[in-house]
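Subject: Structure for you to look at

Dear colleague,

I am handing over the structure below, and my notes on helix packing and the nonpolar cores follow it. Please read them with the coordinates open beside you.

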Amino acid sequence: MPQTFRYDTHDHMFESLQHLAEVSREAGLELDACMGKTDFRSALLPPAQEHLWMCWSLLFNPEAERYQAAALFSYTFGNLGTVAGWFRTAGALQQIVTTIFLLAVFFYVDDVFWAATRVILPNGRHQAQWIAEVFNEVVCAMFSWELDPGKSAVPPQIPLLGFEVAVQSWTAHWRLGEAKRRQWCREIQEILQAVRLSPGGASKLCGKLNFLNSKMFNRLGRALLRPLIWRQCQARGPATITKRMQRALQWFLEVGIPAVLLYSDAEGNGRVGAVAIADRGAAEFLRGRVPKSIRRQLLGRATNAVAFELLAAAVAVCSPCPDTLRERRVVHFVDNTAALACIVRGFSLKRDLAAIAGRLWFEAAVMGMDYQVHYVPSKASIADGPSRDDLDILRGMEATERDNWNFPDFSEGLDSWLQRTGAHRLAL
């Protein structure tokens, strides 16, 4: 008798999360929904020993123009109704957990997902953790199935197909897993160093990067893959990588290496703020006022807004935990175009601004940063809050406030700076 089975799809899961968030809002709780995950171990079991005599498949041989029977003693996906049997088992487990424990559980092959709210229960545990324990008890203790603890996770991030996914009621943030990211970056670096890419190598790399595009870069990533697609379709000719291929590979390499995001801002009265966001979303911030000892070193002018913006940028580079920025790719956002111009050039006709900009680049060089600076509108700068003592957004991010301010003494002489940092003067 024909049987029809269906997976719970991405849309089903999001509909459940959105419904959970709406119900919590109607109850006056304003709780966001999230997703947890676990994985069955050996869900699709191979045939039992006594069933091996039935492991035969009928194949058509086009050369002999006749059907042939072949014994398949190795495990084949779907053999002997294993898949259908697993679907029936998964459906029964889903019905039990949903009906008795009132939990929203979803199956996709042997992966299980469940919806939860971001709430801490009276016993101090996260609700998603409690659901994971209930499901583990039902599946393992009652039905003797095994779950894979290495593939089980609760929010904020869950592993899925080599990605780390943060699922919420309104969106899902996809991030390439650390092991896969390192491996792919290493492969791209080897290609760039060898300056060669064969059609077969291009085909394999396109498959990997297309997988990345499907969840993260979409049309932009697919457009950048065009030179690699041309190479994989190339029947003959040189295997040297072209400039377009080099630029595309360099883009994927830079995106694959997560950057630390820095934001800095200052007020005309001397209040400054800085925010550092590491690659896994951990944020730390600083706020305060430029000390009088630093103000006295500035030139007299109607307003020192540009100088304060430069000082805020220098503080953002010098003050966070050194391990956060050392030997990392750092992207710094500044909302003042005059200060940005001083940093980009590393110089200014005003000697106090030139000293601050030069000191910023010195500190970035000592810490081995791959440092970039860009403009950001004031309304989009997350450092705008701490410079005005408005911490609502940062509290929502669970950011950590640091109190170890490090206003660089830009009047410090070069010899003193070299001695303090351990840097060496080059003999020219």
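Contact, as I use the word here, means heavy atoms within 4.5 Å. Please also keep in mind that this is a predicted model.

With that cut-off, and leaving aside its neighbours within four places in sequence, Tyr-371 is in contact with Val-317, Val-330, His-332, Ile-343, Leu-360, Trp-361 and Ala-364. Tyr-371 also stands out in the largest nonpolar core, which has 34 residues and in which Ile-343, Met-369 and Tyr-371 touch the most other members. The elements that contribute two or more residues to this core are β10 (260-266), β11 (271-277), α9, β13 (329-334), α11 (337-345), α12 and β14 (370-375), and the one that gives the most is α9, with 9 residues.

On the α9 side the contact is made by Val-306, Ala-307, Leu-310, Leu-311, Ala-313, Ala-314, Val-317 and Cys-318, and on the α12 side by Leu-353, Ile-356, Leu-360, Glu-363 and Ala-364. Sorted by class, the contact of α9 with α12 comprises 12 nonpolar residues, no polar ones and 1 charged residue.

Best regards

How values were computed
Residues numbered from 1 in each chain as written. Predicted model: local features only at pLDDT ≥ 70, side-chain atom pairs only at ≥ 80, totals over all residues. Heavy atoms only, no water. Helix = DSSP H or I, 4+ residues; strand = E, 2+ residues; numbered from the N terminus. Nonpolar A, V, L, I, M, F, W, Y, C, P; charged D, E, K, R; others polar. Core = buried A, V, L, I, M, F, W, Y, C linked by side-chain atoms within 4.5 Å. Buried < 20%, exposed > 50% of the residue type's maximum accessible area, 1.4 Å probe, protein only.
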